[in-house]
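Here's a quick briefing to read with the model open beside you.

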Amino acid sequence: MMNRNLRGLKWFLNTLFENDEFERPVYGSYKVTHSCNLKCPFCNVWNNPVKMLNTKEAFKIIDRLAESTITVLSLEGGEPLLRKDILDIIKYAHDRSFYLFMTTNGLLLDNSPIKEMAKYLDFLHISIDEGHNNLFLLDKLKYYVDQGLKITVQTVVTKNDINSLREKVEKVYRAGARILIMPAVHFDNTPNLSPDPKVMHDLLLELKKEYSGTIVTSYAFIKALETSYQCHSYSIQIDANGDVIYPCSVIGKSIGNLLETDLDTLLRSEKAIEGRKLMKSCNRQCYLYLHAETSNFTKPSNLALFVKDTMEGYFFKRK
């Protein structure tokens, strides 16, 4: 099993010089459960019930990903803290050498092994916004930071709450945490709550300049909000049952299951080839953060700025 730094470098060089026959993913979003203690209106996971794998099966999914080019692994849901074995999954993924983080709505954090998780997670993302109805957690961020966790608040911005974004950023800044800001995506089975891209662009640019080191959302992503962009299949979603949703969660479909087939074989399949063609012709411009951000990574300057933005505030003095 290759060290995460070497795996990431190999992916970048092969992608930069187009040494691979097709685009390979570097980022994996593993929905360890579709169950959730919330029902956010902009989310298409909780209302799509999928059977959850047991611990041993989840380990096999992680092994499959460790054998691939996946370098960054996000454990998500639903709500991952609903799994009684989530700490075991975190430990196992850590030992398979990923840049590892978990995304939670934070409502179950106080009853979870926070200090144990801090030993294995590179980052903990807490989804906080009006849709999650958990804005009170912004006032508890300092407590979680003090537990040794590198906290990134993950905020989905809708057209109804964009005017309250500055207040969120200010609270995150004062707590010594970071914030990843994303526009709401219009999935086919959700209401259209997406904010106006130009309004979002101007506000994000203003906040990014004002709160250097606090906002993770990259300048490349912000720029894409006012210009057209082309998504690439550098990210994959793995559902709770092990299905790989490809090329993205908006237009994608299952191309197979990682319990049955390794990722490389799935990516060579006819379903995957059709998925890549579909993504290449897609003009939805939905700003799905996972793809709109990672699609910028092939440009060295964008990748360098993204790494800097991710690490700044934790390892460098913030402005």
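First, a word on accessibility: buried means under 20% relative accessible area, exposed means over 50%, and partly exposed is in between, using a 1.4 Å probe and protein chains only. R24 is buried, with a relative accessible area of 12%.

This is a predicted model, where local features need pLDDT of at least 70, side-chain atom pairs count only at pLDDT 80 or more, and totals for chains, interfaces and linings use all residues. Residues are numbered from 1 along each chain as its sequence is written, and side-chain values use heavy atoms, with hydrogens and water left out.

**R24 and its surroundings**

- R24 sits in the loop between α1 (4-16) and β1 (27-31); helices (H or I, at least four residues) and strands (E, at least two) are DSSP runs, numbered from the N terminus.
- What does R24 touch, leaving aside its neighbours within four places in sequence? R24 is in contact with W11, T69, S233, Y234, D264 and R268, where contact means heavy atoms within 4.5 Å.

**The sheet**

- The open sheet has 9 strands, in the order β6-β5-β4-β3-β2-β1-β7-β8-β9, and its pairing is mixed. Two strands count as paired if DSSP finds at least two bridges between them.
- At the edges are β6 (178-183) and β9 (253-257), each pairing on one side only.
- From one strand to the next, the twist averages 25°. For angles like this, axes are lines fitted to C-alpha atoms (for helices, over the stretch in contact), and the values run from 0 to 180 degrees between N-to-C directions.
- Strand β8 (residues 243-246) runs antiparallel to β9, and 3 bridges join them. I245 stands opposite S254 in β9.
- Helix α6 (residues 165-175) lies across β5 (151-157) and β6, at about 160° to β6.

**Strand β1**

- Is β1 mostly covered or mostly open? Mostly covered: 5 of its 5 residues are buried.
- Both faces are covered, with Y27, S29 and K31 buried on one side and G28 and Y30 buried on the other.
- β1 runs parallel to strand β2 (residues 72-76), joined by 5 bridges, and K31 stands opposite E76 in β2.
- To get from β1 to β2, the chain goes through helix α2 (residues 55-66) in a right-handed β-α-β crossover. Right-handed here means that, with the strands pointing away from the viewer, the path from the first strand over the helix to the second runs clockwise.
- β1 also runs parallel to strand β7 (residues 235-238), with 4 bridges joining the two. S29 has Q237 as its bridge partner in β7.

**Nonpolar cores**

- In soluble globular proteins, nonpolar side chains tend to be buried together. A nonpolar core is a set of buried Ala, Val, Leu, Ile, Met, Phe, Trp, Tyr and Cys residues joined through side-chain atoms within 4.5 Å.
- The largest nonpolar core holds 89 residues, and Y30 and L65 touch the most other members.
- A second, separate core has 8 residues, among them W11, F12, F101 and L303.
- Leaving aside its neighbours within four places in sequence, Y30 has contacts that include L53, A58, I61, I62, L73 and I238.

**Helix α3**

- Which residues of helix α3 (residues 86-95) are buried? They include I86, L87, I89, I90, Y92 and A93.
- The cover over the buried residues of α3 includes α2, β2, β3 (99-104) and α4 (114-118).
- Just after α3, S97 takes a positive phi of about 60°.

**Cysteines**

- A search of the whole structure turns up 0 disulfides, a disulfide being a pair of cysteine sulfur atoms within 2.5 Å.
- C36 is partly exposed at a relative accessible area of 26%, and C282 is partly exposed at 27%.

**Two more spots to look at**

- G131 is in the loop between β4 (123-127) and α5 (141-146), and counts as partly exposed at 23% relative accessibility.
- G131 and P41 are 90 residues apart along the chain, with 6.6 Å between their C-alpha atoms. Leaving aside its neighbours within four places in sequence, G131 is in contact with C40, P41 and F42.
- K308 lies in helix α12 (residues 300-311) and is partly exposed, at 41% relative accessibility.
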